[in-house]
Amino acid sequence: NVLHHSTRLRPLVANLARMLRPGGLLGFVEPYVETEAQKLAFGDAQKDAGINENVHTLAEWHDALTAAGFSLDAWGLTIAFN
């Protein structure tokens, strides 16, 4: 629940890939959105309070992870955080 705060997702994910040993696994729990409209509205209350809030679409997560060489082993989506 911290990766989404980065506005530079691809470099962040590339750095995570660099730090993992060969064959290492990455697991994380993050909020996500499906549309640009949801992305713009995400964390409005936090932004109003001066907190840096950001989120990424599922497509952005997929693109960043595959560009860094990650492959999908298992996944799950929930609306619990959103």
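Predicted model: local features only at pLDDT ≥ 70, side-chain atom pairs only at ≥ 80, totals over all residues.

**Entry 1: the loop residue.** I looked up threonine 57 and found it in the loop between α3 (44–48) and α4. Is threonine 57 buried or exposed? Buried means under 20% relative accessible area, so at 7% relative accessibility threonine 57 counts as buried. Next I asked which residues threonine 57 is in contact with, leaving aside its neighbours within four places in sequence. My list for threonine 57 reads Val33, Glu34, Thr35, Glu36 and Lys39.

**Entry 2: helix α1.** I then turned to α1, which spans residues 9–19 and has Leu9, Val13 and Leu16 as its buried residues. These three cover an arc of only 55° around the axis, so they sit on the same side of α1. On the other side of α1 I noted Arg18 and Met19, which are exposed. What do the buried residues of α1 pack against? Their partner is α4, residues 58–67.

**Entry 3: the surface patch.** Last, I looked up a nonpolar patch on the surface, formed by Leu58, Leu72, Trp75 and Leu77. Together they have about 470 Å² of accessible area. Leucine 77 has 48% relative accessibility, so I wrote it down as partly exposed; the exposed class begins over 50%.

How values were computed:
Residues numbered from 1 in each chain as written. Heavy atoms only, no water. Buried < 20%, exposed > 50% of the residue type's maximum accessible area, 1.4 Å probe, protein only. Helix = DSSP H or I, 4+ residues; strand = E, 2+ residues; numbered from the N terminus. Arc of directions from axis to C-beta. Contact = heavy atoms within 4.5 Å. Patch = residues over 30% accessible without salt bridge, like charges linked within 9 Å, V, L, I, M, F, W, Y side chains within 5 Å. Areas by Shrake-Rupley, 256 points an atom, 1.4 Å probe, with all protein chains shown as cover. Salt bridge = Lys/Arg side-chain N within 4 Å of Asp/Glu carboxyl O.
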